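Subject: Structure handover

Hello,

My notes follow below it.

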Amino acid sequence: QKFELFQNYRNQSIGFTVPSNGRTTLRIVNTRGQDIATLFNGEAEAGQYNRVQFNTGGLAKGLYFSKLEFGGKVSLKKMPLVK
């Protein structure tokens, strides 16, 4: 049971796990730290692998970050968008 954000897969899905049940938020942010999309905002279960889909259709190619927040912790992963 870990707090872990996994690398995106083909720009389409992002996975994460949390160590205990609790409020969790997964967002996509740009290089300026501005929110682009909220992919998950709710209660996540401990030890469960969560996967969310992300539609990149309206975004320009470039560098984005997936940002996972849980229990005061934050994890970021680079997410290069290639079209």
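Which residues does Glu 69 touch, not counting residues up to four places away in sequence? They are Arg 23, Thr 24, Thr 25, Arg 27 and Val 74. Contact here means heavy atoms within 4.5 Å.

First, the ground rules. This is a predicted model, where local features need pLDDT of at least 70 and side-chain atom pairs count only at pLDDT 80 or more, while totals for chains, interfaces and linings use all residues. Residues are numbered from 1 along each chain as its sequence is written, and side-chain values use heavy atoms, with hydrogens and water left out.

Overall fold

The chain has seven strands and zero helices. Both come from DSSP runs numbered from the N terminus: strands are E, at least two residues, and helices are H or I, at least four. The chain's radius of gyration is 12 Å, which agrees with the value near 12 Å for a compact globule of 83 residues. That radius is taken over C-alpha atoms, and the globule rule is 2.2 Å times the number of residues to the power 0.38. Along the principal axes, the C-alpha atoms fill a box of roughly 35 × 25 × 15 Å.

Of the contacts with a separation of 6 or more, 53% join residues 24 or more positions apart. Buried residues make up 39% of the 83. Buried means under 20% relative accessible area, exposed over 50%, and partly exposed in between (1.4 Å probe, protein chains only).

Surface and charge

The chain exposes about 5,100 Å², and carbon and sulfur atoms supply 45% of that area. Areas come from the Shrake-Rupley method with a 1.4 Å probe; for residues, only the protein chains shown count as cover. There are 12 positive and 5 negative side chains, with the centres of the two sets 12 Å apart. Lys and Arg count as positive, Asp and Glu as negative; His and the chain ends are not counted. Each charge is placed at NZ of Lys, CZ of Arg, CG of Asp or CD of Glu.

The core

The largest nonpolar core has 16 residues, and Ile 14, Phe 16, Leu 26, Ile 28 and Leu 39 touch the most other members. At least two residues each come from β2 (13-17), β3 (22-29), β4 (35-44), β6 (62-70) and β7. β6 gives the most, with three. Such a core is a set of buried Ala, Val, Leu, Ile, Met, Phe, Trp, Tyr and Cys residues joined through side-chain atoms within 4.5 Å.

Ile 14 lies in β2. It counts as buried because its relative accessibility is 1%. Beyond four places in sequence, its contacts include Leu 5, Phe 6, Val 52 and Met 79. Leu 26 is also in contact with Ile 14; their C-alpha atoms are 9.1 Å apart, at twelve residues along the chain.

Glu 69 is in β6. It is partly exposed, at 24% relative accessible area. Glu 69 and Asn 41 are 28 residues apart in sequence and 9.5 Å apart, C-alpha to C-alpha.

Strand β7 covers residues 73-81 and holds Ser 75. Is Ser 75 buried or exposed? At 18% relative accessibility, Ser 75 counts as buried. Lys 73 is partly exposed, at 46%.

Neighbours within four places aside, Lys 73 is in contact with Phe 3 and Leu 68. On that basis, Ser 75 is in contact with Phe 3, Leu 5, Ser 66, Lys 67 and Leu 68.

Best wishes
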